[in-house]
Amino acid sequence: MKLVTVFTPTYNRAFCLGQLYASLIKQTATNFCWLIIDDGSTDTTKELVQTWIAEHKIEINYVFQENQGMHGAHNTAYSLITTELNVCIDSDDYMPNNAIELILNKWESVKHKNTIAGIVGLDVLKNGTIIGKQFPEALEFSTLNNMYTQYKITGDKKLVFRTDVVKKYPKYPIFKNERFVPLGTLYLMIDQDYELACLNKPLCVVEYLPDGSSNTIFKQYRLNPKGFRYARGVELKYLTSFKEKVKKCLHLISSTLFIGDFQFFKNNPQKLLTVVCFPFGFIFHGYILLKSKK
């Protein structure tokens with residue numbers, strides 16, 4: 001059995017999947033397979049992947065499902081993956097040629113530690129520029145949340161998880177007529193029990209497409225309020241920074257106003273703080289309304 005599953009949720013991204021496939025067949029280590037979760041594409045994704053499967057250059061598993069959104073595709077991937085490690089590479093991103101080798105080497109040095117959920121590595125742009133900050137040289141292990149809040153590291157990072165750890169935690173909820181739940185809710189729950197081994201090497205080359213979630217966040221708030229309210233509840237349960245709790249309360253108020261059920265306190269562990277934040281939450285909601293219509 002392979003050691004690593006690279007999994008890719010994709011929706012109508014046949015036009016850019018080729019660069020990821022090209023990077024995978026060039027990997028300097030081959031102890032991995034590629035799992036593609038086609039989240040209801042209506043383009044030529046299926047036909048394209050079938051041509052790659054027929055080439056037999058790497059092990060590829062293709063699964064089609066009705067469109068559920070990124071989080072639904074992650075649910076499906078986690079339910080199918082049986083390798084020891086897994087890493088999600090988005091359809092518009094790709095891996096440096098030595099990425100799998102770097103993962104395997106790092107894992108060999110830390111896999112004996114039961115408190116480690118996996119590895120966190122760097123994302124880079126196509127020109128080689130590192131996204132955000134690197135890890136301090138002395139930092140060997142950290143939770144994802146501490147990495148950003150305590151060590152002030154910035155920018156997206158690439159997460160490689162132990163599959164048995166991921167499977168311990170609840171799946172992302174699926175809400176009718178919504179297509180997005182922030183993926184960080186799972187990572188925050190894992191943070192409560194495990195750390196990640198820091199790897200100061202690029203594991204992923206990223207490209208932020210105009211229709212990606214990073215560039216459409218205000219519209220996502222409006223279109224997926226139940227998903228965001230679920231995430232705010234999880235964040236308010238586990239985050240310790242007062243400043244962050246206030247931010248999440250504002251978002252929770254806005255998401256609830258978008259839903260229109262006025263259940264501000266359902267699954268909300270910060271009820272008093274939410275009441276205090278009400279006036280600012282309404283103002284913040286108006287700001288999101290304005291930004292999401294642009």
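**Group meeting: helices, sheet and rings in a predicted model**

Hi everyone, let's start with two helices. Helix H10, residues 242-259, packs against helix H11, residues 271-292, at an angle of about 60°, and their axes are 7 Å apart. The axes are lines fitted to C-alpha atoms, for helices over the stretch in contact, and angles run from 0 to 180 degrees between N-to-C directions. Helices (H or I, at least four residues) and strands (E, at least two) are DSSP runs, numbered from the N terminus. The crossing of H10 and H11 is right-handed; that word applies if the near helix is turned clockwise from the far one by less than a right angle, and left-handed if anticlockwise. Contact here means heavy atoms within 4.5 Å. On the H10 side the contact residues include Phe242, Val246, Leu250 and Leu257, and on the H11 side they include Leu273, Phe278, Phe284 and Ile288. By type, the contact divides into 16 nonpolar residues, five polar and one charged. Ala, Val, Leu, Ile, Met, Phe, Trp, Tyr, Cys and Pro count as nonpolar, Asp, Glu, Lys and Arg as charged, and the others, Gly among them, as polar.

A quick word on the source. This is a predicted model, in which local features need pLDDT of at least 70 and side-chain atom pairs count only at pLDDT 80 or more, while totals for chains, interfaces and linings use all residues. Residues are numbered from 1 along each chain as its sequence is written, and side-chain values use heavy atoms, with hydrogens and water left out.

Now the sheet. In what order do the strands of the open sheet run? There are eight of them, ordered S3-S2-S1-S4-S7-S5-S8-S6, with mixed pairing. Two strands pair if DSSP finds at least two bridges between them. At the edges stand S3 (60-64) and S6 (141-142), each with a single partner strand, so one side of each is left without a neighbour in the sheet. Helix H1, residues 14-24, packs on the sheet and touches S1 (4-10), S2 (32-38) and S3, and its direction makes about 165° with that of S2.

Let's stop at strand S4, residues 85-88. Both of its faces are covered: Leu85 and Val87 on one side, Asn86 and Cys88 on the other, all buried. Buried means under 20% relative accessible area, exposed means over 50%, and partly exposed is in between (1.4 Å probe, protein chains only). S4 runs parallel to S1, joined by four bridges, and antiparallel to S7, joined by three. Asn86 is the bridge partner of Thr5, and Asn86 also stands opposite Phe161 in S7.

Further along, S5 (residues 116-124) and S8 (residues 195-205) pair in the parallel sense over seven bridges, and Val124 stands opposite Val205. Among the residues Cys198 touches are Lys106, Val120, Phe135 and Phe141, not counting residues up to four places away in sequence.

Helix H7, residues 184-191, is next. Seven of its eight residues are buried, so H7 is largely enclosed by the rest of the structure. The cover over those buried residues includes H3 (70-80), S5, H5, S7, H6 (163-166) and H9 (225-238).

On to the rings. A pair of aromatic rings is described by the distance of the centres and the angle of the planes. Rings of Phe, Tyr and Trp (its six-membered ring) pair if their centres lie within 6.5 Å; planes under 30 degrees apart count as stacked, over 60 as edge-to-face and the rest as tilted. How many aromatic pairs does a search of the whole structure find? The search finds 14. One of them is Tyr21 with Trp34, stacked at 6.2 Å centre to centre with 15° between the planes. This pair links distant parts of the chain, with Tyr21 in H1 and Trp34 in S2, 13 residues apart. Phe218 and Tyr221 have ring centres 5.9 Å apart and planes at 90°, so that pair is edge-to-face. Both residues lie in helix H8, residues 217-223, three residues apart, about one turn of the helix. Ring pairs also join Phe218 and Tyr221 with Phe180, Phe228, Phe284 and Tyr287 in a cluster.

Asn12 has a positive phi of about 55° although it is not a glycine, and Asn12 is found in the loop between S1 and H1. Lys152, also not a glycine, has a positive phi near 60°. Lys152 is exposed, with a relative accessible area of 52%. Thanks, everyone!
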